[in-house]
Amino acid sequence: MENGRGFLAGKRFGALAAGIVAAAALAAGTAKGEDTFLRVDGTDIVDEKGEKFFIRGVNLGNWLNPEGYMFGFGSSAASASAIEMMVRQAIGPEEAAAFWRRFRENYVTREDVRFIAATGANTVRLPFHYRLFTEEAKGEGFAIIDRLVDWCKEAGLRIVLDMHCCPGGQTGDNIDDSDGGAWLFTSGAAQETFCGIWRDIARRYADEPAILGYDLMNEPISHELENKDELNALLEGVMKRALAAVREVDARHIVMFGGAQWNNNFSVFKDWDCDANLMFTCHRYQCPPEGVGDFFAFRDKVRRPMYMGETGHNTYDWIRRMRENLEKHNVGYTFWPYKMRGKGGWVKIAEPEGWDEVVAFAKAPRATFAEIRKARKGKEAVLRKALNAFARNCRLARCEADGEYIAAMGLIAPQKTTRDVLPLDGEWHYIVDPQEQGFYNYHHEEEGSFARNRKPKDKTDLVEYSFADAPTLHVPGDWNTQKKELFWYEGAVWYERDFEWTRTEDGSRAFLVFDAANYETHVWVNGKKAGRHEGGFSPFEFDVTSLLEDGENFIVAKVDNRRRADGVPALDFDWWNYGGITRSVRIETRPENHIAHWQVRLAKDRTTLNAEVRMAKPVAGVVVKIEIPEAAIAMEGVTDAAGCARLQAAGCHLDLWSPESPRRYKVRLDAGDDCAVDEMGFSTIESANGKILLNGKEVFLKGVCFHDEAANGGGRVATLAQAMENIRRAKELGCNFVRLAHYPHNELTVRACEREGLMVWSEIPLYWAIDWTGERTYRLAQEQMRDMILRDVRRGNIVVWSLANETPRTPQRGNFLRRLAAAAMAIDSTRLVSMAMEASCTADGVNRITDDLQDAVDIIAFNEYIGWYRNAGEIDSMEWDLPQEKPVVISEFGGGALAGRHGAKDERWTEEMQEAIYEAQVRMFQRMKGLCGTCPWVLTDFRSPRRALTGIQDGWNRKGLFAPDGTKKRAFRVMQDFYRKAAETGKSD
C-alpha cells in the first residue's frame with residue numbers, strides 16, 4: 001500500500017458525539033478551563049476568585065465498580081466480586097481478564113468525556129473500588145484516574161472521587177462488594193487500609209485542581225443492618241480519621257461526608273466545623289421530587305454546602321422536577337448513571353446477540369462445581385462472543401443517547417457521531433532490533449518477518465521471537481525514559497498490540513491513526529503491510545478497512561529513530577532524539593465519503609467568516625452546513641466536482657480571541673453523512689508598517705521557547721498534565737506568546753495554549769545543516785509543513801508558521817525555503833510566515849540582519865546569544881540597525897547556568913552570570929527601535945546529548961529559566977519584571 005497520508009484536520013473532534021452548549025441557560029458554574037482549586041464558602045462552593053461553582057453532572061457508575069443490575073444479571077451476580085467470578089466461570093480466567101481490560105478501555109474514553117462536557121455538564125463523579133489502589137493492583141487505579149484527569153482538563157470538567165467500595169465494606173450490601181456486613185467500622189485493619197488509600201490518593205492529586213473533591217465513603221450503613229445504631233455512632237469518627245489522613249498531604253481539596261443509611265441520615269454528625277473545607281453529600285431515589293427538604297434543613301443548620309451525589313432512575317418528569325428543586329435550593333447534583341445496559345442512564349448500551357445466554361448463566365445455580373459446568377456446557381463460544389461484543393458495544397459511538405433524560409436535567413443532548421473511535425493507547429509489547437533482523441533477511445532483503453507475529457505451531461517449530469512473551473512499553477510514550485536500558489538507544493524497535501474488531505456492512509472505512517511516531521514507521525495489520533511514514537512529529541494514517549478481520553486482530557509497527565543526512569531533521573540537532581510511538585494511536589471508522597479537511601477563518605475585516613471543506617471523494621452536490629449557535633451564525637453550500645465547498649458568512653459579530661480574553665466557540669460541521677465539532681477561537685494576525693497586529697491592534701510578543709518535553713525531564717509530552725506544566729511556567733513568566741521549538745508539538749499543547757490565552761509560533765524541524773539540494777528532503781519538509789498547518793489551522797492562537805531555525809545562508813537554502821514559504825502561504829494565507837535567522841555584526845560594530853530571505857517572510861526573526869557565545873561582557877555597547885518595513889522579533893537569546901551554582905557575574909555557568917546577561921539584554925532591548933517581541937531560550941533545561949560538560953551539563957542544555965524540578969533561576973525574575981513592565985505600558989520600553 002502507499003505511504004501513510006499526513007493526517008488531515010477534522011480527525012479528533014470529528015469523532016465527537018458532541019452538540020452545542022446553550023451557555024445562557026447554563027450560566028452558573030459552567031466556566032471551563034480554569035486551573036483553580038474550589039473551596040467551601042458558607043453554603044456555596046467557590047473558586048479562588050470567589051465566584052460560585054454549582055455542581056451539575058453525572059456519575060460514571062459501573063466503570064470501576066461493576067453492579068449486576070446494570071448488566072441485567074439479577075441478585076445472583078450483583079456485586080463486583082460476584083460478577084467477576086461469574087465471568088471467570090463462564091469463559092475462564094484468561095478470557096475474563098481480557099474482557100475486563102476491553103470493558104474498562106471502552107466504557108469511558110476521551111470521547112465520552114467530551115460528550116458529557118458538550119451537554120453543558122461541569123462535573124463527573126467517579127465511583128471506584130478500593131482494590132484498584134492496593135499493591136496488588138500495581139497502580140491500575142492511578143493510571144485510570146490520571147487519564148481521566150487529562151481528558152476532563154481538556155474538556156473543562158471537574159471530578160469527584162468517590163470510594164464506592166471501602167475495605168471491609170461500609171454498607172453491608174451488594175454495592176460495596178462486602179461480605180454482607182459493614183465491617184469497616186469495627187475492623188482496625190480495614191480502617192488502616194481505608195485511610196492509607198485516601199492518603200495515597202490525596203498525595204498524588206494534591207496539586208491537581210481538576211479534582212473537585214474527595215467523597216470519602218459511599219452510602220454507609222444499610223438501614224437493614226441490625227446493628228445500624230451502633231455503627232451510626234462510629235461513622236463520624238471513621239470519617240474524621242480519613243479526613244485527617246487526607247490533610248496530612250493535601251490541604252486544599254474539598255472533603256465530603258455522606259450520611260448514614262444510604263447517604264440519607266445526617267443526624268449522626270455532631271462536629272461539622274472539624275475542617276474548613278468540609279461539605280456534605282446526600283443521595284435519594286424513590287421519593288417525591290419535593291421530598292428532600294430534610295437535606296436543605298441540615299445544610300442551613302450547619303452552613304455547609306450540600307450536594308446530591310446520586311439520584312435518578314425515574315421518569316423524565318420526576319428527573320426534571322428533582323433537578324429544578326435542587327437548583328432552587330442551591331444543591332448541586334450528579335445524576336445516576338451515565339451509561340448502562342438498557343434504559344435508565346444518559347447512554348444506553350446495546351445488548352449484543354447472545355446476551356440472553358450470559359444473563360441466563362448469571363442467574364443459573366452455580367453453588368457447586370457441577371452446577372457451574374452444567375450451566376456452561378455447550379455455551380462457551382456463545383458466552384465468550386457475547387461478552388466480547390458487549391465490551392465493544394460500550395464504546396460511545398455504538399451506544400444510544402437518551403436525549404429526554406439529558407434534557408430533563410436542563411442539559412442539551414449532543415448529536416450522535418458518525419464515527420466510531422477505538423483507542424489503542426496502553427501497553428504494547430516490544431522487541432529491540434538493532435540489526436533489523438526482523439525486517440531484513442540475512443541477504444539484507446526486506447522480509448518483515450516480525451510483522452507476521454508468528455507463534456510456534458508445535459514444539460518442533462523454530463520461531464526466534466515472541467511478542468506474547470516480550471515486555472511492554474506504554475503508548476503514548478518514548479522508549480528512552482520508560483526503559484533505562486534504552487535511554488541512549490537509536491535504532492529499530494518493534495511494537496505489537498492485539499485488539500478486537502467488529503466488521504460493519506455499512507460501507508464505512510476504518511483508518512489506523514498515529515498522532516506521531518519518531519522517526520520512520522512501518523505498519524502492518526494482521527501481517528499485511530498498511531504503509532510507511534517518515535517524520536517524527538506529524539500525524540499520519542492508513543486505510544486498513546481491507547486488512548481488518550472480524551474478531552481478533554493485531555498491529556505491528558517498526559519504529560526507527562535513527563538520524564538521516566537527507567532527513568528532516570538531519571543528522572545534527574540540539575535536543576534529545578526520543579524514539580517510539582510518542583503520541584496516541586486509534587482506529588477511526590468514518591463514512592466512505594467523509595470530511596477530509598475543514599477550516600473556518602476570520603477575514604481581515606473581522607466580520608466575515610470564510611470556510612473551506614474538502615471531502616474524501618471528488619463528488620459534487622454534497623450538502624455542507626456550518627453552524628456557530630452561540631453567535632447565531634449558519635452557512636450552507638454544496639461541494640464542487642473536486643469534492644470541495646467554500647462557504648462565507650458576512651456581518652458576523654464574534655468576541656475575538658486574545659491572550660486577555662481567550663474566547664472560543666463551538667462550531668459544528670455537517671457534510672453528507674459525516675459531521676465534525678470543534679471549539680475554536682477567532683482572531684486575525686497581520687504584519688503592517690513594522691508592527692504585529694492582533695485583531696487590528698498592536699501587540700508585543702512576550703514570549704519564551706520550549707521543547708515538547710515533560711518539564712521534569714520525563715521524556716516527550718504525552719499527557720495534558722505535562723503540557724499544562726510547561727504552559728503554567730510560561731504564564732508565570734508573564735508570557736502572552738510561546739515558540740514551540742523546533743518541530744510541531746503535541747496537539748494537546750497547542751489546544752491548551754489556545755484555551756489558556758497563549759499565542760503560538762509553530763515550526764518544522766529544518767534545523768542547521770539540511771540537504772538543501774535533495775528533492776526528497778524538500779518533499780519531506782513540505783509534507784511536514786502541510787501536516788502541521790492542516791492539523792492546527794483551526795486554532796485561533798496560531799500566529800506564526802515557522803520554516804526553519806539557524807540555517808546557513810547559501811543559494812540552495814534560499815531556493816529551498818522560498819519554495820517552502822510559498823507552499824505554506826498557499827495552504828494558509830491568514831497567518832504570518834517566519835523563520836529563525838541569525839544576526840550579523842559588521843565592521844562598524846553595528847548588528848544587522850542581512851539574510852537574503854527577509855523579503856520572503858512576514859516577520860523578521862533572529863537568534864542572538866550576545867554575552868554567551870559572542871561578545872561576552874559587551875552587550876551594553878551593542879548597537880542595532882533593524883529593518884523598519886517589517887516587524888522584528890528576537891527568537892532566541894540567553895545563556896546557561898546550573899541551578900544552585902553561584903559565583904561572580906563573569907563566571908561561566910553561575911546563576912549570577914546568566915542573570916547579568918539577561919539584565920544587559922533587557923537594557924539592549926530598550927535601545928532597539930522597532931522591536932516587536934522577544935523569546936528567551938529557554939523556559940526549562942532540557943536533555944541534549946550534545947551537552948557533555950561533566951558536573952555542569954551532564955546531557956542537559958542548561959539555558960533554562962527553570963530547572964527541571966521547577967526551581968527558578970535568578971534570570972527568571974529579570975525576564976518576568978521586563979514582561980510585567982511591558983504589560984503595564986503596552987510595549988517593550
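Asparagine 689 is placed in the loop between strand S32 (685-688) and strand S33 (691-694), where helices (H or I, at least four residues) and strands (E, at least two) are DSSP runs numbered from the N terminus. Although asparagine 689 is not a glycine, its phi is positive, at about 55 degrees. This is a predicted model, in which local features need pLDDT of at least 70 and side-chain atom pairs count only at pLDDT 80 or more, while totals for chains, interfaces and linings use all residues. Residues are numbered from 1 along each chain as its sequence is written, and side-chain values use heavy atoms, with hydrogens and water left out.

Histidine 742 belongs to the loop between strand S37 (737-740) and helix H16 (747-756).

The chain as a whole contains 20 helices and 48 strands. Its radius of gyration (taken over C-alpha atoms) is 30 Å, close to the 30 Å that the globule rule (2.2 Å times the number of residues to the power 0.38) gives for 989 residues, so the chain is as compact as a globular protein of that length. Along the principal axes, the C-alpha atoms fill a box of roughly 95 × 75 × 60 Å. The mean pLDDT, the predictor's confidence in each residue on a scale from 0 to 100, is 92 for the chain, and 95% of the residues reach 70 or more. Over residues 5-34, however, the pLDDT is below 50; beyond near neighbours in sequence, this stretch has 106 contacts (heavy atoms within 4.5 Å) in the model.

The packing of helices may be followed from helix H13 (residues 380-393). Its axis and that of helix H3 (residues 93-107) come within 8 Å and cross at roughly 20 degrees; axes are lines fitted to C-alpha atoms, for helices over the stretch in contact, and angles run from 0 to 180 degrees between N-to-C directions. H3 and H13 are therefore roughly parallel to each other, on a scale where angles under 35 degrees count as roughly parallel, over 145 as roughly antiparallel, 65 to 115 as roughly perpendicular and the rest as oblique. H3 passes H13 in a left-handed crossing, that is, the near helix is turned anticlockwise from the far one by less than a right angle, clockwise being right-handed. On the H3 side, Glu95, Phe99, Arg102, Phe103 and Asn106 meet Arg384, Leu387, Asn388, Phe390, Ala391 and Arg392 in H13. This contact has five nonpolar, two polar and four charged residues, with Ala, Val, Leu, Ile, Met, Phe, Trp, Tyr, Cys and Pro counted as nonpolar, Asp, Glu, Lys and Arg as charged, and the others, Gly among them, as polar.

H13 also packs with helix H11 (residues 355-363), at an angle of about 110 degrees and with the axes 8 Å apart. H11 and H13 are therefore roughly perpendicular to each other. Trp355, Glu357, Val358 and Phe361 of H11 make the contact with Val382, Leu383, Ala386, Leu387 and Phe390 of H13. Its residues divide into eight nonpolar, no polar and one charged.

A further pair is formed by helix H5 (residues 140-155) and helix H6 (residues 188-205), which pack at about 35 degrees with their axes 12 Å apart. H5 passes H6 in a right-handed crossing.
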